[in-house]
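Biologist: Could you go through this model with me? I would like to start with a helix and then move on to other things.

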Amino acid sequence: IIIIFMNQYTKHNTMSESSTNITDWRILTASSIEKVDFDNYSNEQARYEMWVSPTDNPQNPLIAIGLNPCGKTDDENFSRTTDNLRRIAFNNHYEGLIILNLCPVITDRASELRKKDMGLKDSAHQENLKHIRHIAERYKESDVLLCFGKAIVKQHLAGYLNDIYSVLHSTNKDRRFFRINASRNGKPYDNPPHPSRISPNTPLEPMDVEGYINELCGTDRCR
């Protein structure tokens with residue numbers, strides 16, 4: 001299994017040439033993810049990409065858009081989230097997984113995002129868009145799974161989503177967007193469900209991202 005973390009000091013050649021190919025990525029478990037060496041970005045304030053792939057050149061990866069990276073190896077929620085996303089990608093016949101985020105600033109508490117310096121967040125957001133555009137241009141046919149949960153509203157990140165959607169849509173106007181088809185007490189979630197506490201066998205459903213953004217932001221589309 002190849003797991004690569006990208007930070008602001010990493011060039012955009014996203015997969016290592018020396019990576020080892022493993023054909024069956026079902027063997028990766030949550031416990032093994034917790035043992036991954038995070039030292040290559042532990043002193044940084046942001047993480048822009050996380051790749052989980054059975055090969056060094058996945059042909060059909062699922063692009064997942066989460067909320068933000070927590071950046072801890074001993075965080076139970078982080079390992080569950082990553083493992084569930086990996087299983088969702090595998091169960092839906094994708095050949096790899098690329099995890100991106102609405103906000104790349106590292107914190108293990110989503111509630112802390114609002115307290116982060118706006119200069120840091122805005123600077124990280126612009127760098128984030130560069131990484132996302134590079135991936136979107138490389139994988140023009142890849143589907144996108146939105147899975148950031150309800151915190152997008154509380155953390156005022158709808159404008160970031162609008163920018164990210166514009167980049168992804170501009171590279172392929174027919175690109176498919178999905179959300180996890182889950183409900184709570186029989187009622188659909190208002191926002192794309194977070195994968196940490198949802199069965200990886202839960203099906204995906206198409207998502208009207210532009211309509212969702214308009215509902216969040218109104219006709220000005222968060223600008």
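Modeller: Helix α3, residues 118-138, has 21 residues and spans 30 Å from its first C-alpha to its last, close to the 30 Å expected at 1.5 Å a residue. Helices (H or I, at least four residues) and strands (E, at least two) are DSSP runs numbered from the N terminus, and the expected span is 1.5 Å times one less than the number of residues. This is a predicted model, in which local features need pLDDT of at least 70 and side-chain atom pairs count only at pLDDT 80 or more, while totals for chains, interfaces and linings use all residues. Residues are numbered from 1 along each chain as its sequence is written, and side-chain values use heavy atoms, with hydrogens and water left out.

Biologist: Which residues of α3 are buried?

Modeller: They are Lys-121, Ala-124, His-125, Glu-127, Asn-128, Leu-129, His-131, Ile-132, Ile-135 and Ala-136, where buried means under 20% relative accessible area with a 1.4 Å probe and protein chains only.

Biologist: New topic: how many cavities of 30 Å³ or more are there?

Modeller: The structure holds one, with about 30 Å³ of space in the largest cavity. On a 1 Å grid over the protein atoms alone, a cavity is a set of points where a 1.4 Å probe fits but cannot get out, and lining residues have an atom within 4 Å of a point; the volume is the space filled by probe spheres set on the points, which are joined across faces, edges and corners.

Biologist: What lines the largest cavity?

Modeller: Its lining consists of Ile-65, Val-144, Leu-146, Leu-161, Ile-164, Tyr-165, Leu-168, Phe-177 and Val-209. β5 (144-146) and α5 (158-171) are the elements that give two or more residues, and α5 gives the most, with four.

Biologist: Is α5 itself enclosed or open?

Modeller: α5 is largely enclosed by the rest of the structure, because 10 of its 14 residues are buried; among them are Leu-161, Ile-164, Tyr-165 and Leu-168.

Biologist: Which way do β5 and β6 run, parallel or antiparallel?

Modeller: β5 and β6 run parallel and are joined by three bridges, pairing being counted where DSSP finds at least two bridges between two strands. Val-144 has Phe-177 as its bridge partner in β6. Strand β9 (residues 204-206) pairs with β6 in the antiparallel sense over three bridges, and there Leu-204 stands opposite Ile-180.

Key:
Buried < 20%, exposed > 50% of the residue type's maximum accessible area, 1.4 Å probe, protein only. 1 Å grid on protein atoms, 1.4 Å probe; cavity = no way out; pocket = protein on both sides within 12 Å on 5 of 7 lines; lining within 4 Å.
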